[in-house]
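Okay, everyone, thanks for coming. Let me put the structure up and walk you through a few pieces of it.

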Amino acid sequence: MSNLIHSPRGRTGELTLSPRLAFLAGWVPQGTRLADIGTDHAYLPVWLDTHGRVSAAIAADLRPGPLQRARETGRLYGARHVDYRLCDGLADISADECDTIVIAGMGGENIAGILERAPWTADGRHTLLLEPHSRAEVLRGFLAENGYAIQREALIRDRGFLYPVMEVTAGEMSLSPGQIYCGAKLLHDPLGERYIIERIIQLQGVVAGKNKSADPKDRAHADQQRDLITELLAMREEWRHANGTGN
Ligand SMILES: C[S@@+](CC[C@H](N)C(=O)[O-])C[C@H]1O[C@@H](n2cnc3c(N)ncnc32)[C@H](O)[C@@H]1O
């Protein structure tokens, strides 16, 4: 995935982040020790390092190709405090090495799996910045059941797609099915209504598919999804009311 606005092949000037990564950068606390998991080109840690925003950064990826690209970005832009690490999730990163962990640009199931294999991320000493590209509901459900709390959430539009960004710490939270699906902190987000509508449309597709099935399990699943759509329609009304666009 290209995150640069200009060509990443040669140093043509400043490293410019995409709107999605620029938003994430804005939530990284000043002076933190960062771990960026699934870094690919390492645009985020290299930008943060070269702008004096982090004291240290680990740029980690599962595969050698992306890690090679990460090193190349660091070399091109003169990153000085980035440690490049080939590892699966947080497997070779210790709790004492970082304060802030970014996991962005992967599916919600993959992000949940990475956190599940590193339970120290819920020890109360770490801030997680998570941006699932898909299945955000799997991630929110995992967080609610495993000792994490979403402190804030926002929606970013990048290349026509909406992405939820979550700041997560250790804590407790209880989410309804609709909040697991569409977030609990987006009532005042300008893109909140659009996000809910997109998710309703997705669910309507699922219901239409299940309705064609003769299997009673599929019909029961369709009923559950219809209940979820009803809750999402109510959440949409709540958003409209809160934002002065309702009746
Ligand atoms: C689409 S890129 C996202 C790059 C960047 N984080 C962003 O948001 O633009 C996903 C990267 O995650 C890496 N990845 C996938 N699963 C991983 C895992 N379990 N541990 C570390 N990296 C992983 C992939 O190799 C790939 O480079």
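Helix H4, residues 108–116, has these buried residues: Gly 108, Ile 111, Ala 112, Gly 113, Ile 114 and Leu 115. Buried here means under 20% relative accessible area, with a 1.4 Å probe and protein chains only. Helices are DSSP runs of H or I with at least four residues, strands are E runs of at least two, and both are numbered from the N terminus.

Quick housekeeping: this is a predicted model, where local features need pLDDT of at least 70, side-chain atom pairs count only at pLDDT 80 or more, and totals for chains, interfaces and linings use all residues. Residues are numbered from 1 along each chain as its sequence is written, and side-chain values use heavy atoms, with hydrogens and water left out.

So what do the buried residues of H4 pack against? They pack against E1, strand E4 (100–107), strand E5 (127–134), helix H5 (136–145) and strand E6 (148–158), contact being heavy atoms within 4.5 Å.

E1, residues 32–37, pairs with E2 in the parallel sense over six bridges; pairing takes at least two DSSP bridges between the strands. Leu 34 stands opposite Ala 57 in E2. And E2, residues 54–61, is largely enclosed by the rest of the structure, because six of its eight residues are buried.

H2 (residues 43–50) passes H3 in a right-handed crossing, meaning the near helix is turned clockwise from the far one by less than a right angle. On the H2 side, Tyr 43, Val 46 and Thr 50 make the contact; on H3, it's Thr 73, Gly 74 and Tyr 77.

Terms used: Buried means under 20% relative accessible area, exposed over 50%, partly exposed in between (1.4 Å probe, protein chains only).
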